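Q: Could you walk me through the pockets and cavities of this model? I'd like to start with the pockets.

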Amino acid sequence: MVSSAATSPSAPRGRGSVAQAPHLPAGFARTFTSRYVDTGDVRLHAVTGGEGPALLLHAGWPQTWYAWRLLMPALARDFHVVALDPRGVGLSDKPLGGYDTGTLASDAVALMAALGHERFSLVGHDVGMWVGYALAADHPDRVERLAVAEAAIPGLSPSPPLFGSGETNDRLWHFAFNRLPDLNEELVRGREDLYFGRQFATKAAKPLPDHAIRHYVDTLAEDPSALRSSFEFYRALDTTVAQNERRRTRRLRVPVLAIGGGENLGEGVGATMRLAADDVETVVIPGCGHYPAEETPDELLAVLRAFLVPDGVSGSPGGPAAR
């Protein structure tokens, strides 16, 4: 594929850039750089650095590229790491539409092509798992290996009942709320601390640091279009579900690593991916909730390296995730 995307000469600034993100690991800015990439449809923000094969990191709702910060320095020893803010997130453009996973996957392919990567491995968490599945299904020649964490996939996973258990309701109630056309924005605006803070507090087995939660909440609160866009991934679910119902008719050919938090989805992530692929390895991280990259970064790094570098060949010595 020939992409019309081009790297933008303007340097990203603001809260979501490497220059202004809080509490990054020591030396982070010596390895990683914020940049804009114009795909021809949207301008996307990505944080890139490291040497080796390309590795795309796609975080979930309501986070940004910043969710991967503790793993990125170690991963950069073996990979050219690209941590993406998808459309609607962080410093990327926030258009009114295009939040179905087919479009989000195409955005990611265009971004990687603009950076010179026709093939790459991908790690996706939460909504990033939705996009990872769509990308591997729609663009199978682009993906070397796919690692996904902590999500069910609408249109692939069985839909839970409306009147399910209290535990299921506590975990999934925000799906219906987030799909409302505008009332949710009115209810959440000015109460971002309450709404998004509860998401982090109830889904993490190990509390995320206050500065990280503050960073995510402030990013959503300071720009009305960011709050609107945060709901658009869910408002687009009718389109995404229809796409996934078509995707599930063809099996993924790529090796898949399914990662669950022992205190959240656990084996359920592997069960979901076995509906779509035959070559699926499942890992459950004990004591981890919904946010493995921030709750258990060392454990997640170990399972990712074992999967992404299966022959044990490394460009330089590995090590624990940066703190």
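A: In the largest pocket, helix 5 gives the largest share of the lining, 8 residues. A pocket here is an open set of points on a 1 Å grid over the protein atoms alone, with protein on both sides within 12 Å along at least five of seven lines, and lining residues have an atom within 4 Å of a point. Helices are DSSP runs of H or I with at least four residues and strands are runs of E with at least two, numbered from the N terminus.

Q: Before we go on, what sort of model is this?
A: This is a predicted model, in which local features need pLDDT of at least 70 and side-chain atom pairs count only at pLDDT 80 or more, while totals for chains, interfaces and linings use all residues. Residues are numbered from 1 along each chain as its sequence is written, and side-chain values use heavy atoms, with hydrogens and water left out.

Q: OK, which residues lie nearest the centre of the largest pocket?
A: Those are A152, S159, P160, L172 and F175, out of 37 lining residues. Two or more lining residues come from each of helix 4 (127-138), helix 5 (166-178), helix 10 (237-247) and helix 11 (268-274).

Q: And how much space lies in it?
A: The largest pocket holds about 1,000 Å³, where a volume is the space filled by probe spheres set on grid points joined across faces, edges and corners.

Q: How does its lining divide by class?
A: There are 20 nonpolar, 12 polar and 5 charged residues; Ala, Val, Leu, Ile, Met, Phe, Trp, Tyr, Cys and Pro count as nonpolar, Asp, Glu, Lys and Arg as charged, and the others, Gly among them, as polar.

Q: What about the second largest pocket?
A: Its volume is about 180 Å³, and its lining includes E167, D170, R171, R198 and K203. Helix 5 and helix 7 (192-203) each give two or more residues to that lining, which divides into 2 nonpolar, 2 polar and 6 charged residues.

Q: Switching topic, how many cavities are there?
A: The structure has 2 cavities of 30 Å³ or more, a cavity being a set of points where a 1.4 Å probe fits but cannot get out.

Q: What lines the largest one?
A: The largest cavity, of about 170 Å³, is lined by 20 residues, with P62, Q63, G88, V89 and F233 nearest its centre. Helix 9 supplies the largest share of this lining, 4 residues.

Q: And the second largest cavity?
A: That one holds about 90 Å³, and among its 14 lining residues W68, H125, P292, A293 and L300 lie nearest the centre.
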